[in-house]
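Please prepare a briefing on the protein–DNA surfaces of this model and on one of its helices.

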Number of protein chains: 2
Amino acid sequence: MTPAAPSDGTGPQLRADAARNRARILAAARAAFRERGTAAPLDEIARRAGVNIATLYRRFPDGEALIRQVVIDGYTVLLHAAQTAVRQTPDGALPAIERWLLGLVAEREMLVLPLIGGPVVNDAEALAIQRELGALLDELLATARDQGAIRPDVTAADLTTTVALACRPLPHLDAATGQVLAERHVRVFLDGLRPGPDPSSPLPPGPTLDEVLARVYAAGPTPTPTPTPTPTPDSKTQR
Amino acid sequence: MTPAAPSDGTGPQLRADAARNRARILAAARAAFRERGTAAPLDEIARRAGVNIATLYRRFPDGEALIRQVVIDGYTVLLHAAQTAVRQTPDGALPAIERWLLGLVAEREMLVLPLIGGPVVNDAEALAIQRELGALLDELLATARDQGAIRPDVTAADLTTTVALACRPLPHLDAATGQVLAERHVRVFLDGLRPGPDPSSPLPPGPTLDEVLARVYAAGPTPTPTPTPTPTPDSKTQR
DNA sequence: CACTAACCGCAGGATATCCTTCACTTATTC
DNA sequence: GAATAAGTGAAGGATATCCTGCGGTTAGTG
């Protein structure tokens, strides 16, 4: 790879030193976010990155910018993996999809998708990546359908949903165990993708990926700040 | 239901008033935790519950106790649903499992399972619930296997993993959309449970549920506070 | 209908995190 | 090897959240 960070074009060419630390910070942030969530203190991230806190603030204007970059990097991983999948379909589209999903699960520790409590990352860059990803997945799915290798009611949104669900950390579980469990889950899911010879019930109607993207909160992380008219369901147990 | 909260037996019989507010607080906490994660301020939870902050602290010694109770309640929902499933298997064990999973997904907004950044809830009560749940699921799975209705390599841990993955909120998505996506995902997963007539690859070996429970972090939420010897992988894009 | 548990409103100290600033040192680049 | 971008260490103000305490009020309970 090139010394600096060649990406969105606006790069003012970081010095080797700076690029290295930037990468370290992002790696530490990924780990911290997966373990402690968005609440992970920036001090701790800097410490884990072996970098002074001032350096972190030099690279990222504030904590939100750091989170945003981590999420964007996550989307980028999905996209690149999908591009590879589209290119390598000698044995059919479904196997390519399977490799895509299992590959992502395998490197899930590297992945941080949108976090609960984190900022909404739906700027132009994020949307562009997601839309391109959607197009690639649609392409793969269409091919798989034509090959009769997949049930016809599965959509690109279903695949991204699976990534989102299976690649987030399982709280309080070590990485290795979470890894194994997630992979087993995904493998069962993948088997469910095959066209059912038996009367497997069709999926209920769902939104397209574009619709999902459109429904992501435009404002802050507080969608329905309902002052609580909730009649309160019951909850058992005593303290 | 009875006026107070009849559960673990240690209940000093809350007044009707108190029990009501307690339930409201827990409901508000569930909603807040699903939206903002563990970082949800207690003030906000109290406000959303239509209750003064002092009342919250009267019911729960501190924030952790509140989180713990919410999680325990979540486990309890799983357990009760499983008990119902075991009782109602006229059409076989697999359909009962399917109803169990789909039912949980349907009421996922009511469910809060362990949260990233939250305390580790693995006290005696939680473990007892989880073990009983595991026993019930093992029973259902064994029956389903005997009936030849399910692939033989699926374990109770796979089922709880699926609940954990599918019932957590999809960040930044409204409840309804998350609901639909989660249900579609689970339906595909369920179809993957059927015994494959075709050469569906067997699942890689995985831990039993007891092993998973044993591996839950005993200490705090910081398992590997590695000061970061990580050689830092690369990350693209520029700020 | 009296008793009192429970709730409310509010004030305030403790702590943690965020983010900035600055003088000084180190490492990279040309 | 000189110019300078980048990093270090440390101090400190601004918030936000946690949690406690107390007098006054409300509302179940028997």
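Helix α8 of chain B, which covers residues 175-192, has 18 residues in this predicted model,. From its first C-alpha to its last, α8(B) reaches 26 Å, which is close to the 26 Å expected at 1.5 Å a residue. Because 13 of the 18 residues of α8(B) are buried, this helix is largely enclosed by the rest of the structure.

**Surface near DNA strand D**

- DNA strand D is surrounded by 21 residues, and the closest are R15(A), N52(A), T55(A) and R58(A) from chain A together with L42(B) from chain B.
- Among the atoms of DNA strand D that lie within 4 Å of the protein, 76% belong to sugar or phosphate, while the rest belong to bases.
- When sorted by class, the residues of the surface near DNA strand D comprise 8 nonpolar, 5 polar and 8 charged.

**Contacts and elements at DNA strand D**

- For R58(A), a polar side-chain atom lies 3.0 Å from a base nitrogen of DNA strand D.
- The elements that give two or more residues to this surface are α1 (16-36) and α3 (53-59) of chain A, along with α1 (16-36) and α2 (42-48) of chain B.
- The element that gives the most to the surface near DNA strand D is α3(A), with 4 residues.

**Surface near DNA strand C**

- DNA strand C is surrounded by 21 residues, of which the closest are R20(A) and L42(A) from chain A and R15(B), N52(B) and T55(B) from chain B.
- Of the atoms of DNA strand C that come within 4 Å of the protein, sugar and phosphate account for 76%.
- The surface near DNA strand C divides by class into 7 nonpolar, 5 polar and 9 charged residues.

**Contacts and elements at DNA strand C**

- From chain B, a backbone N or O atom of N52(B) is found 2.8 Å from a phosphate oxygen of DNA strand C.
- At least two residues of the surface near DNA strand C are supplied by each of α1 and α2 (42-48) of chain A and α1 and α3 (53-59) of chain B.

Technical notes:
Residues are numbered from 1 along each chain as its sequence is written. Chains are lettered from A and ligands numbered from 1 in the order in which they are written. This is a predicted model: local features need pLDDT of at least 70, side-chain atom pairs count only at pLDDT 80 or more; totals for chains, interfaces and linings use all residues. Side-chain values use heavy atoms; hydrogens and water are left out. A residue is near a molecule or strand if one of its heavy atoms lies within 4 Å of it. A polar contact is a pair of N or O atoms within 3.5 Å; within protein, one must be able to donate a hydrogen and the other to accept it, and residues adjacent in sequence count only if both atoms are side-chain atoms. Ala, Val, Leu, Ile, Met, Phe, Trp, Tyr, Cys and Pro count as nonpolar, Asp, Glu, Lys and Arg as charged, and the others, Gly among them, as polar. The expected span of a helix is 1.5 Å times one less than its number of residues. Buried means under 20% relative accessible area, exposed over 50%, partly exposed in between (1.4 Å probe, protein chains only).
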